[in-house]
Amino acid sequence: SSRNYLHEAAMTEEEMEQCMERGAEVVRLCYNEGSNILSFGEMGIGNTSSSSLWMSYFADIPLEQCVGAGSGLDHMGIRHKYEVLKQSMDNYKGNGSVRDIMRHFGGLEMVMAVGAMLQAAELKMIILVDGFIMTNCLLAASMLHPEVKDYAIFGHCGDETGHRLVLDSLHAKPLLNLDLRLGEGTGAICAYPIVDSAVRMINEMDNFAHASITKYF
């Protein structure tokens, strides 16, 4: 697992680069199998904390507005979470670059997702983004290469505090708002039929001229 970023960087530069490449490798496998759209979700523990820190640094949003209940903290738990994360920021002695903040505060699965998103955009694939954590991964990816946003569709706005704020910082309009508090790709999968339907309408829906329907005045 990654290290305790209250006291040290979560990963080394070499570990971060390895995660980026592993994520890109998975995308290349999917691409070579004929996929042109990928749904991004995550499985991890504590990654709403890492996401809150990335969001605060990359979107310039006060940390207190970024920290939420995660998997179910009460008010006191959220306050404690904020205080620990604030102390982690105070202890940070890095150079402030995007990559340094990613490796210092990120989870392995989050950095892997960033590498995967960048590879997907390079291959001109659609990136279907899930909840709070994956939206912050897209935010981090966009800090490295802004063009990645052109390939992203945001599946939903979740119930985690800060998700709406980070979506707004990306000027993103999520397809669904179902008050989900999940990150395993659920919202993105729910949104996929809408994306599929839109593509079919563009490519397959008939028009008046082709169907020989007379215009009315």
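In which hand does α2 pass α5 in their crossing? The crossing of α2 past α5 is right-handed, a term for a near helix turned clockwise from the far one by less than a right angle, with left-handed for anticlockwise.

This is a predicted model, in which local features need pLDDT of at least 70, side-chain atom pairs count only at pLDDT 80 or more, and totals for chains, interfaces and linings use all residues. Residues are numbered from 1 along each chain as its sequence is written, and side-chain values use heavy atoms, with hydrogens and water left out.

**Overall layout**

The protein chain holds 9 helices and 3 strands, taken as DSSP runs numbered from the N terminus (helices H or I, at least four residues; strands E, at least two). From the N terminus, the order is α-β-α-α-α-α-α-β-α-β-α-α. Along the principal axes, the C-alpha atoms fill a box of roughly 70 × 40 × 25 Å. Of the 217 residues, 46% count as buried (under 20% relative accessible area, with exposed over 50% and partly exposed in between; 1.4 Å probe, protein chains only).

Two packed helices are described by the angle between their axes and the distance between the axes. Axes are lines fitted to C-alpha atoms, for helices over the stretch in contact, and angles run from 0 to 180 degrees between N-to-C directions.

| Pair | Angle | Axis distance |
|---|---|---|
| α2 (residues 47–59) and α4 (residues 75–91) | about 55° | 11 Å |
| α2 and α5 (residues 98–105) | roughly 160° | within 10 Å |

The angle with α4 makes α2 oblique to α4, whereas α2 and α5 are roughly antiparallel to each other. The classes are roughly parallel under 35 degrees, roughly antiparallel over 145, roughly perpendicular from 65 to 115, and oblique for the rest.

On the α5 side, Ser 50, Leu 53, Trp 54, Tyr 57 and Phe 58 of α2 meet Val 98, Ile 101, Met 102 and Phe 105 of α5, where contact means heavy atoms within 4.5 Å. By class, this contact of α2 with α5 has 8 nonpolar, 1 polar and no charged residues. Here Ala, Val, Leu, Ile, Met, Phe, Trp, Tyr, Cys and Pro count as nonpolar, Asp, Glu, Lys and Arg as charged, and the others, Gly among them, as polar.

**Core**

The largest nonpolar core has 54 residues, and Trp 54, Met 102, Val 114, Met 117 and Cys 137 have the most contacts inside it. Such a core is a set of buried Ala, Val, Leu, Ile, Met, Phe, Trp, Tyr and Cys residues joined through side-chain atoms within 4.5 Å. Helix α6 (residues 108–122) gives the most to this core, with 9 residues.
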